[in-house]
Amino acid sequence: MSPSEKPVMLVTGARKGIGRFLSEHYLSKGYLVEGCSRGKADISDSNYRHHEVDVADEKAVRGMVADVTKRHGRIDAVLNNAAIASMNHVLLTPAKSANRMLEVNVTGTMLVCRDAAKVMMRRRYGRIVNFTTIVAPIALAGEAMYAASKSAVVTFTRILAFELGQWGITCNSFGATPIMTDMIKGVPQDKLDAVVNGLAIKRLGSPQDCANVCDFFVSQASDNITGQVIYLGGIS
Amino acid sequence: MIARNEAYEIVIASLKEVFEQVGEAPPAQINEETVLVGTDAVLDSLGVVQLIVEVEQRVEGAHSISVTLANDKAMSARNSPFRTVGVLTDHVIATAQEAAS
């Protein structure tokens with residue numbers, strides 16, 4: 001089959017929060033968006049297709065990418081946004097919880113990158129954006145395993161950039177400041193305030209901030225921008 | 001189910017595609033014994049990566065079977081299932097059979 005004329009973007013964790021916002025953002029920009037999450041989504045757009053997939057499930061990810069490829073013949077961009085967090089003191093973190101974070105946040109990111117890159121490399125073009133967090137560089141107490149998993153994503157992405165660069169695929173990481181989504185709704189206000197007060201720009205992040213960085217990374221013109229990490233709010 | 005001659009043709013076509021992509025002429029003779037991995041290999045390590053991906057994509061395109069050739073079994077095997085064109089052909093058939101079952 002000949003590839004779709006419109007660019008195709010795969011967004012993980014698309015059901016709600018930032019993933020949902022970004023899915024709708026790129027639908028409005030003319031992308032065919034293929035979203036996934038463990039549950040159903042209610043994004044209603046003829047250019048959107050939802051896959052009920054756990055990114056840590058190798059076979060399910062493979063099946064999803066095969067389905068996208070069969071229908072569209074191309075994948076132009078991937079936003080690896082799916083993640084889970086468990087905000088606990090390390091002394092109160094069960095191994096099961098730690099392993100699940102690594103499975104979803106690290107292995108899940110790797111699986112989606114791997115299978116999407118196999119499609120991208122045939123067309124010598126691709127844009128991969130893997131989501132990390134400022135929690136890692138600011139070493140926020142109470143989020144050791146979550147931060148560790150996201151540090152792994154940054155390292156993985158830097159090396160991935162070198163492994164895939166020859167096929168025109170760029171790989172970058174993006175770390176948002178706290179944004180009011182379900183993921184942080186359980187974080188005490190004083191803790192959020194302390195994080196925001198440590199930023200250069202003292203405000204919570206917004207979905208639009210995320211879209212701004214993603215727009216830069218997925219732009220065709222960003223073909224020489226790879227292996228980079230951008231954090232919001234002045235964090236480095 | 002993929003017939004052996006179909007799998008063989010996919011491997012050969014993929015191998016030629018890899019040479020075309022890197023801008024090199026393929027060896028004058030490609031057959032079952034053509035070495036893909038190790039001493040005397042016709043490809044470097046990145047070429048093997050490209051070949052495996054190309055074969056996977058072609059199997060999927062032609063037979064609608066999603067295969068991962070570099071699976072756990074393959075990567076822990078004593079003898080590489082990618083070492084020659086013939087061995088890779090057999091590995092493609094076995095992996096496709098497993099995926100379809």
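Q: In this predicted model, which residue does Lys40(A) form a salt bridge with?
A: The partner is Glu52(A), and the closest N and O atoms are 3.1 Å apart.

Q: Turning to the helices, how do the axes of H3(A) and H2(B) cross?
A: They cross at roughly 100° and come within 10 Å, H2 being residues 45-63 of chain B. H3(A) is therefore roughly perpendicular to H2(B).

Q: Which residues make that contact?
A: H3(A) contributes Lys118(A), Val119(A), Met121(A) and Arg122(A). From H2(B) come Gln50(B), Val53(B), Glu54(B), Glu56(B), Gln57(B) and Arg58(B).

Q: How do they divide into nonpolar, polar and charged?
A: Three are nonpolar, two polar and five charged.

Q: And the surface: what do Val90(A), Leu91(A) and Leu92(A) form?
A: They form a nonpolar patch, with about 360 Å² of accessible area together. Val90(A) is located in the loop between strand E4 (77-80) and helix H3 (95-123) of chain A.

Key: Residues numbered from 1 in each chain as written. Chains lettered and ligands numbered in written order. Predicted model: local features only at pLDDT ≥ 70, side-chain atom pairs only at ≥ 80, totals over all residues. Heavy atoms only, no water. Patch = residues over 30% accessible without salt bridge, like charges linked within 9 Å, V, L, I, M, F, W, Y side chains within 5 Å. Areas by Shrake-Rupley, 256 points an atom, 1.4 Å probe, with all protein chains shown as cover. Salt bridge = Lys/Arg side-chain N within 4 Å of Asp/Glu carboxyl O. Helix = DSSP H or I, 4+ residues; strand = E, 2+ residues; numbered from the N terminus. Axes fitted to C-alpha atoms, helices over the stretch in contact; angles between N-to-C directions. Parallel < 35°, antiparallel > 145°, perpendicular 65-115°, else oblique. Contact = heavy atoms within 4.5 Å. Nonpolar A, V, L, I, M, F, W, Y, C, P; charged D, E, K, R; others polar.
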